[in-house]
Every structure is written in structure tokens, then in C-alpha cells.
Amino acid sequence: MNSLRDMARAGANVITVLHQPKYEVFELFDNVLLLGKGGMTVYYGPTSGLEAYFEKRGFPCPPRANPADYYMDVLSGIIPHADNDDWKREDLFEEWMTAEE
């Protein structure tokens with residue numbers, strides 16, 4: 001992973017797919033693209049902004065949780081919304097399309 005990061009920092013485009021990466025690997029990414037059901041974009045942006053983005057939408061990542069695992073559970077509908085019992089995972093697509101940040 002460090003080699004891929006070095007290549008990206010040298011100007012190469014690096015695209016990779018990782019399923020359930022360890023937190024240490026997840027932290028190495030500058031940007032992350034999260035896709036929901038049907039390949040719909042749920043988040044694309046800096047890895048450092050992921051937690052704030054989801055927290056603002058009712059999904060605060062618990063302390064000591066692996067963010068990669070936690071957000072995959074949010075995308076799959078396993079994690080309930082903090083305030084909205086009627087929330088469904090498809091709502092994340094609409095959130096992304098209307099997000100101002």
C-alpha cells in the first residue's frame with residue numbers, strides 16, 4: 001500500500017478496490033469513493049472528511065470502531081439512523097446528490 005501511495009504522490013493515477021481494509025490501510029488513502037446498492041455514489045472525497053460527513057447525516061462512528069467496517073454497515077442498512085426510524089439506505093444517495101459540501 002505504501003508503494004501505491006508513493007506512486008500516487010509522484011503523479012500517477014492509482015485506482016484500487018479493497019473490501020474491508022484494516023484501519024491502518026484505510027488511513028493511507030487520500031480520497032475514498034463509497035458506492036451503495038446499484039453502484040450509486042454515497043460519498044466521494046477526502047478520507048479525512050468521511051467521519052464528519054456521515055456524522056452530520058446521523059451516523060457518528062463509534063469510538064474504537066473501524067470506520068471502513070462501520071460505513072460498509074451503514075451502506076448495507078445494518079446500522080440504524082441515530083434520529084430517524086424511517087431512514088432507509090437509499091436515502092444516502094439523495095443525501096449525496098443534495099450535499100452542499
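Q: What do the buried residues of α4 pack against?
A: They pack against α2 (23-26), β1 (31-35), β2 (41-46), α3 (50-56) and α5 (91-98). Contact here means heavy atoms within 4.5 Å. Helices (H or I, at least four residues) and strands (E, at least two) are DSSP runs, numbered from the N terminus. This is a predicted model, in which local features need pLDDT of at least 70 and side-chain atom pairs count only at pLDDT 80 or more, while totals for chains, interfaces and linings use all residues. Residues are numbered from 1 along each chain as its sequence is written, and side-chain values use heavy atoms, leaving out hydrogens and water.

Q: Which residues of α4 are buried?
A: Helix α4 covers residues 67-75, and its buried residues are P67, A68, Y70, Y71, V74 and L75.

Q: How do you know that the buried residues of α4 line one face of the helix?
A: Look down the axis of α4. The buried residues fall within an arc of 165°, so they line one face. The arc is that of the directions from the helix axis to the C-beta atoms. An α-helix has 3.6 residues a turn, so residues three or four places apart point the same way.

Q: What makes N66 a cap for the N-terminal end of α4?
A: A side-chain oxygen of N66 lies 2.9 Å from the backbone nitrogen of A68. Just after α4, G77 takes a positive phi of about 85°.

Q: Why is the pair R9 and D30 called a salt bridge?
A: A salt bridge needs a side-chain nitrogen of Lys or Arg within 4 Å of a carboxyl oxygen of Asp or Glu. In R9 and D30, the closest N and O atoms are 3.0 Å apart, so the pair qualifies. R9 lies in helix α1 (residues 2-9) and D30 in the loop between α2 and β1, so the pair ties together parts 21 residues apart in sequence. The structure holds four salt bridges.

Q: What makes E95 and R57 a salt bridge?
A: Their side chains meet at 3.2 Å, N to O. The pair links distant parts of the chain: E95 in helix α5 and R57 in the loop between α3 and α4, 38 residues apart.

Q: How do you know whether R57 is buried or exposed?
A: R57 has 9% relative accessibility, so R57 counts as buried.

Notes. Buried means under 20% relative accessible area, exposed over 50%, partly exposed in between (1.4 Å probe, protein chains only). A polar contact is a pair of N or O atoms within 3.5 Å; within protein, one must be able to donate a hydrogen and the other to accept it, and residues adjacent in sequence count only if both atoms are side-chain atoms.
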